[in-house]
Structure formats: C-alpha cells, structure tokens
Amino acid sequence: MTTVLVLAGLLALLFAGVPIAFALGGLGMAMLVLGGFSPLMVPQGLYSTLDNFVLLAVPLFLLMSNILLKGGVGRDLFAAVQSWVGHWPGGLAVATIFSCGIFAAISGSSVATAATIGTVAIPEMEQRGYARRFILGLLAAGGTLGILIPPSIPMIVYGVITEESIIDLFLAGIGPGLLLIALFVVFAVGRARFSRDYTPMPRAGWAERRHATSRAVPTFLLATLIVGGLYAGAFTPTEAAAVGFGGALILTGAILRTLTVAKLREAVMDSMRTTVTILLILAGAKVFGKAITLYRIPQDISAAIVATFDTVGPFLLAVGAVLLLMGLVLEALSMLLIMVPVLSPSLGVLGIDPIWFGILFVILIECALITPPVGLNLYVVQAVGRARMAEVASGVWPFILMMLATVFAIYFLPDIALFVPFGM
Amino acid sequence: MLRVIDRIGDALAALAAWMFFAVGAMILWEVIARYLFNAPTVWAEEMSRFFQIWAVYIAAASLLRDGGLIRIGLVVDRLGAAARRAAELFALACIALFCAVAVWYGAEIAWDSLVTGRMSGTMLNVPHWMTEIAVPLGFLILLLQALVQMIRVLAGEPMRDAGDPRRLEG
C-alpha cells in the first residue's frame, strides 16, 4: 500500500514539472518527516553523495568529451572512417555507425554521440539520397552506443548505487557494443543492397585516406589509451577520466590546434551544467533512497519479486517490460535511479550477476532513450536533423528490435558481456 | 535586486565550472606523480572530493534559472497559460521547501562540527565544517533563486518549456 502511494506521489510530482532532483529529494524528505525520522538525514545524504571519489569520473569524462567536441574531433573522425568504408553499399550509414562507436569510446553520453556525429552525418547522407526516416533512426540508435561502450555515465551511476566495479561494467559493455555495431552495419548494408534510393560514393584515394586518417589517429589513440588503461588495471575510472581530460587538452590545443580559449570556456561551462544536473539528481535520489529503505519498500518489493518469480527469465522479462513502459515517459537516469535501488536486493536472492544485469539494464535504457514519445536521443536527432518527431519515430523501430534481440542474445549467452572482464 | 541574485548565481556557477577543471588537473597530476615520479600526493584525492561537494551545490542556483535542471515536460508543456503558471509556482515551492530543510539542518550539522572541533581524520585532517557548510550555503543561494523565480512567474514573465531538451544526459 505504502509502495503504491509513494509511486503515485513520485509520478504526480514528476508530471507536475518539479525538476527530477527535487521530486526525488522532496518526496524522500516528506517521507522522512512523516515517518518520524530525523530530517538531519537530508543534508547528510546530500553531503555523502558527493563526498565520493568515484563520481568525479562524471565531470572529468564530460570535460574530456566536451573539449574534444569543441575541438571538432567529430568531423575528423567521420571523415576518416568515411574514407575507408564510404564506397561500400550503404557506406555512409556504415561510416556513421563506426563513427558513433569510436566516439562512444571517448564520450559517456548517448546524447553527445548522437549530436556530434549527427551534425556531420545527416547532411551528407541526405545529399546521397538516403531515406530520411532511416537516417534519423540510425543516428538516434547509433547515439545509444555512447552509453554502452566505455566510458559510460549511466554505468558509473549504476556502479555507485550497487557498489559494483565500474571497470567490470565498462569492460562488460564492450562485447554487446560490438555486437550492436555489427547488427547495425549488416542492416545498413543489406538495406542499401535492396534499395535504389541512394547513389554510391566513389572509393576514396590513398592520399585522401592518409590525410583524413592522420587527423583522426590521435583521437583513436586517446580512446585506446583510456579503454586499455582500464582493462590493464592501470587507472581507476576517475583517473582514466583525468588522463582523458589531459589528453583532450593536448590533442585539441597542441596537436590539432583547433581549441581556442573561447571554445575551452564553452566546454568547461557545458560540462559543469551537465555535471551539476546529473549529480543533483543523484543527491536527490540518495535522500529518496534512504527514505524508502527506512519504509522497507525495497525489501517488500524484493520479497514480492521472490515470491512471484522463482526463475531468472520471467523476472528479467518483467523488468524489461516495466523499463520499456517507464521509458515512455521517463528519461534514462531517473529510470536507473528509481529502479536499481529497488531491484538490487532481489538480484542476490535470484542469483543474478549484477554486472550482467547492469549491461542488460543499460541496453533496455537505450531502448527507452529512443522509444517515442519521450526519448532524449529522439529530441536531439530531431533538432539536429530539423525533422518532425513522427519521422524520427518511424525510423527507429528496426533499431529498437535489434537492441531487444541483443538483450535476448546476452540473456542466452552471458559471455557476450562477461567474457571481456572475466574471461571464460 | 532580483538581478543581484542572478549575478551571484552566475558567478558561482562559473567558479564551479573551473573548480571541475581544477579537479581534472589535480587528479591528472596525481596519476603523473604516481607513475612517473613514483611519489603519489597526499592531497589530490581529498581535495578533489571537497571541490566536487562545493562546486555542485554552489552552481545549482544558476541552473535553476536557465532551465538546466531536468524535468518532465510531457504534461506541463501542454497546459494552458494559467495552469502552467500554477504548476511552475508549485514546482518552485517544492524546491524552496526542500532548500529550507537542507539549509536549516545542514547548518546545524556544520555548526555542531565547528563547536565540537570535529576534524576529517584523513591525510589532510581538515575541519569537517569547511566542507559541510557547502550544503547549507549552496541551498541558501538556491532558495533565494527559487524565490526570485516565483516573483518572476507572479509578475507574468514568460516561461520556457520544461521539455526543453538542452544539455540532458543519458
């Protein structure tokens, strides 16, 4: 009963337009006061959330990707990949997918990935006669690679809430990320083979390839350094982010010489805004999390789950259904912060690997990011491509199906995710 | 008068932005010091956590004003003008109430640490109140900004869509 009331209250606050951080924090505060608990827990929760070294990876990864963005790295990356695969059937689409995949390795956000690659790729593909619906769907879906391939802000948040290793989560995202890239590429090439609505690109010459590639190589090396350093255990995620930040400054400031003081200032301000938005939500969720734990809501839900589901499969199906439903109205971070604390007690009881679950969760969140009517990537692609929401929405469904197929593949073959961090 | 609060908020947000930049420099230095000079610092880890606490809370006010805090516009953006103003006032009132609690009890915690002389007991052994005070101070500025925004809504200034997707992350 309490659970239903709390959920109704939360939805009411969210739909009334209260910023998510304060809907969570405010409801948590009200519950603490009504339940006769000390309101001192509010500032304590706010303080302890941010007194956390691991979370510093969020601002630092954002700084890194924003500096690279302002330095025009997205354009270089796309040009380089295009010079290699542009002449394939559906070559520009393939180049877009690969660029999203590579950019994902320097950015922890799907919105930034979709916006960066979209700005360059959408006009090019339109010129070559690709169908608009396909272009927009492709970008919205390609952007979601940003949070599956490390680094990933939702995975940092998931790791902080569940106290799981963020490095393991990062590494477990690589396999599924590559699988999705492969599926998208097969789809793009197959589609181009059976369609007459685009003109193939001429094959790029070696001089062009060499020139385009040489500008993209430093970015590629930086991405390799970060992922490799995490894999080898040389850095913690926060340190990897700081190294990436330093690398981004050197790369755009000294090597490519594209970063100006004004652009750096923009990058620093943008990173601050996103960081503060995310971390405030996290702090609000902490207060909410304390309150629901004192009301024993996660424990009750966990008991109900264990009583209902005795096997993992139906449980995951139910979680997936709930997430897709929530994704119709909520955005990714709030879904994660509301669902994970409630679900994580059940994981242990059902014997579910939290890293594996985290990856499935992130892919389902990705689906939510591109299911209409609410989906951040939809908004971004809509804005970048100057399109109507209906166009974007009709273009994304094949990609949603491919993502759901990936979820099933990882369910039946957990090693797709777990092989990289843990081996066979 | 209202502008003064705006300016303070914006100045603090700019300060916060460069504090995150400084955090990047500190941790980068820590990595270099450890791997290249084999001499890790004692201060980088702790200082950067303190910077994070301060930076996030002092920047909140500026984000409230420029619509940077994520909210769900699905319902409110479709309301008529009067209902929208009411929703906006309600949202701001919720924020203000939350801030008031955070300021009051946050100050109590910091004050308690100050009079009892509690130290962090870490490498740097800083007095606890120096970081704890960030919570009540940050939320005090946010409280003032929320009140300013309420005055603006009541005075009939135009509002932006809640579903404005700028800078959202996921």
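User: Which two helices of chain B have axes that come within 10 Å, and at what angle do they cross?
Analyst: In this predicted model, the axes of helix 1 (residues 2–35) of chain B and helix 5 of chain B come within 10 Å and cross at roughly 135°.

User: What makes helix 11 of chain A roughly antiparallel to helix 12 of chain A?
Analyst: Helix 11 (residues 206–232) and helix 12 (residues 237–255) of chain A pack at about 165°, with axes 10 Å apart. The cut-off is over 145 degrees. The angle passes it, so the two helices count as roughly antiparallel. Their crossing is right-handed. Among the contact residues are A:P218 and A:L222 of helix 11 of chain A, and A:G244 and A:G247 of helix 12 of chain A.

User: How many aromatic pairs are there over all chains?
Analyst: The count comes to 21.

User: Why is the pair of A:F22 and B:F98 called edge-to-face?
Analyst: Two values decide. The ring centres are 5.7 Å apart, and the planes stand at 85°. A pair needs centres within 6.5 Å, and edge-to-face needs planes over 60 degrees apart.

User: How do you know whether A:F22 and B:F98 are buried or exposed?
Analyst: Buried means under 20% relative accessible area. A:F22 has 4%, so A:F22 is buried. B:F98 has 2%, so B:F98 is buried.

User: Why is the pair of A:Y130 and A:F134 called stacked?
Analyst: Their ring centres are 6.3 Å apart, with planes at 15°. Stacked means planes under 30 degrees apart. The angle falls below that, so the pair is stacked. Both residues are buried. Ring pairs also link A:Y130 and A:F134 with A:F184, A:F187 and A:F399 into a cluster.

User: What makes A:R191 count as lying over the face of A:F134?
Analyst: A:R191 is 4.3 Å from the ring centre and lies over the face of A:F134. The distance cut-off is within 6 Å. A:R209 sits over the ring of A:W206 too, with its charged end 5.0 Å from the centre.

User: What makes helix 3 of chain A mostly covered?
Analyst: In helix 3 (residues 41–50) of chain A, 8 of its 10 residues are buried. They include A:M41, A:Y47 and A:L50. The cover includes helix 2 (20–34) and helix 13 (261–294) of chain A. Helices of chain B take part too, among them helix 3 (81–116) and helix 5 (134–154).

User: Why is A:A104 called buried?
Analyst: Its relative accessible area is 0%, and the cut-off is under 20%, so A:A104 is buried. A:A104 is found in helix 6 (residues 91–104) of chain A. The residues A:A104 touches include A:T113, A:L145 and A:P150.

Note on methods. Residues are numbered from 1 along each chain as its sequence is written. Chains are lettered from A and ligands numbered from 1 in the order in which they are written. This is a predicted model: local features need pLDDT of at least 70, side-chain atom pairs count only at pLDDT 80 or more; totals for chains, interfaces and linings use all residues. Side-chain values use heavy atoms; hydrogens and water are left out. Buried means under 20% relative accessible area, exposed over 50%, partly exposed in between (1.4 Å probe, protein chains only). Helices (H or I, at least four residues) and strands (E, at least two) are DSSP runs, numbered from the N terminus. Contact means heavy atoms within 4.5 Å. Rings of Phe, Tyr and Trp (its six-membered ring) pair if their centres lie within 6.5 Å; planes under 30 degrees apart count as stacked, over 60 as edge-to-face and the rest as tilted. A charge sits over a ring if NZ of Lys or CZ of Arg is within 6 Å of the ring centre and within 35 degrees of the ring normal. Axes are lines fitted to C-alpha atoms, for helices over the stretch in contact, and angles run from 0 to 180 degrees between N-to-C directions. Angles under 35 degrees count as roughly parallel, over 145 as roughly antiparallel, 65 to 115 as roughly perpendicular and the rest as oblique. A crossing is left-handed if the near helix is turned anticlockwise from the far one by less than a right angle, and right-handed if clockwise. Lists of a residue's contacts leave out its neighbours within four places in sequence.
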